[in-house]
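Here are a few notes to keep beside you as you look through this model for the first time. Take them in order, with the structure open.

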Amino acid sequence: MTLLEAIESRHSVRSYTGKPLDGATISALQQQIDRCNANGRLHIQLVTNEPQASPCRMARYGKFSGVTNYIVMAGQRSEDLDERVGYYGEHLVLEAQMMGLNTCWVGLTYSKIPGAFNLAEGEKVVAVISIGYGSTAGTTHKIKKAGDVSNVTADSPEWFVNGVKAALLAPTAVNQQKFRFTLEPSGKVAATARFSLVGYTHVDLGIVKYHFEAASGHKISNYSL
Ligand SMILES: Cc1cc2nc3c(=O)[nH]c(=O)nc-3n(C[C@H](O)[C@H](O)[C@H](O)COP(=O)(O)O)c2cc1C
């Protein structure tokens with residue numbers, strides 16, 4: 001499966017079979033996590049075989065079942081932590097999809113959550129991602145039109161249209177899709193988060209930037225992998 005196929009086939013999955021991740025899968029995931037931690041200055045942790053899956057019980061919404069593995073998206077508190085978490089977390093989500101796994105981003109009700117992971121002084125958990133073999137592959141959600149989230153026109157270059165289309169397939173909290181891509185006359189792309197009472201718009205922004213870059217081939221963030 002290619003990265004673009006992963007973008008197209010990914011859906012949030014909240015119900016898992018409980019089949020454990022094997023050693024090779026865990027080490028492939030850990031390798032990707034190590035890359036994200038080094039390049040994104042994050043403290044992402046993979047927790048496996050923890051049937052309590054405590055953080056997923058504290059999801060802001062959604063009913064989770066059979067979760068035994070999750071990825072803790074944590075890092076030092078800073079202004080751009082949410083966006084970085086979104087970008088690198090979505091890299092992990094799509095890598096997982098390519099390995100035949102399913103995932104769901106989980107926003108949490110409380111900042112202090114129990115679980116089998118550790119935080120250093122000044123660090124915070126922004127979200128977690130459930131991961132495992134889904135009971136289903138998930139389903140398509142309602143998506144906005146390209147014109148609702150960008151200044152795309154009939155004359156827009158193909159790469160920009162492809163980037164926006166891929167951003168529209170990305171997960172966002174409560175499927176809010178509160179982002180906007182603007183192709184400026186200079187050829188530069190501005191990606192911004194729009195206001196939402198739900199929050200998480202900067203995590204969403206990091207996620208959609210990742211999708212945009214993957215499908216358009218145009219770098220719009222400062223993040224590298
Ligand atoms: C930052 C973030 C937080 C989320 N929090 C939750 C959550 O707490 N509970 C849940 O069931 N789904 C959660 N989701 C999943 C979204 O509801 C889901 O991505 C959206 O409905 C679109 O569906 P899709 O991922 O299948 O395309 C979250 C997604 C993101 C990006």
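1. A residue counts as near a molecule or strand if its C-beta atom, placed from the backbone, lies within 6 Å of it. Of the 23 residues around the ligand, those that come nearest are Ser12, Gly62, Trp105, Gly107 and Pro171. Helices (H or I, at least four residues) and strands (E, at least two) are DSSP runs, numbered from the N terminus.

2. A word on the source: this is a predicted model, in which local features need pLDDT of at least 70, side-chain atom pairs count only at pLDDT 80 or more, and totals for chains, interfaces and linings use all residues. Residues are numbered from 1 along each chain as its sequence is written.

3. What is the shell around the ligand made of: how many nonpolar, polar and charged residues? There are 12 nonpolar, eight polar and three charged ones. Here Ala, Val, Leu, Ile, Met, Phe, Trp, Tyr, Cys and Pro count as nonpolar, Asp, Glu, Lys and Arg as charged, and the others, Gly among them, as polar.

4. The protein is divided into domain 1 (3-132) and domain 2 (146-216), with bounds from an automatic or database domain assignment. Their centres, taken over C-alpha atoms, are separated by 22 Å. The contact takes 17 residues from domain 1 and 17 residues from domain 2; two residues are in contact if their C-beta atoms, placed from the backbone, lie within 7 Å. On the side of domain 1 that touches domain 2, helix 4 supplies the largest share, eight residues. The residues of that side divide into eight nonpolar, four polar and five charged. Both domains give residues to the shell around the ligand, so the ligand lies between them.

5. Now turn to helix 2, where Leu29, Gln32, Ile33, Cys36 and Gly40 are buried (20 or more other C-beta atoms within 10 Å of the residue's own; 12 or fewer is exposed, and in between is partly exposed; C-beta atoms are placed from the backbone). Seen down the helix axis, these buried residues fall within an arc of 100 degrees, so they line one face of helix 2; the arc is that of the directions from the axis to the C-beta atoms. What covers them includes strand 1 (45-47) and helix 4 (81-98).

6. On the other side of helix 2, Gly23, Ala24, Ser27, Gln31, Asp34 and Ala38 are exposed. After helix 2 comes Arg41, with a positive phi near 50 degrees.
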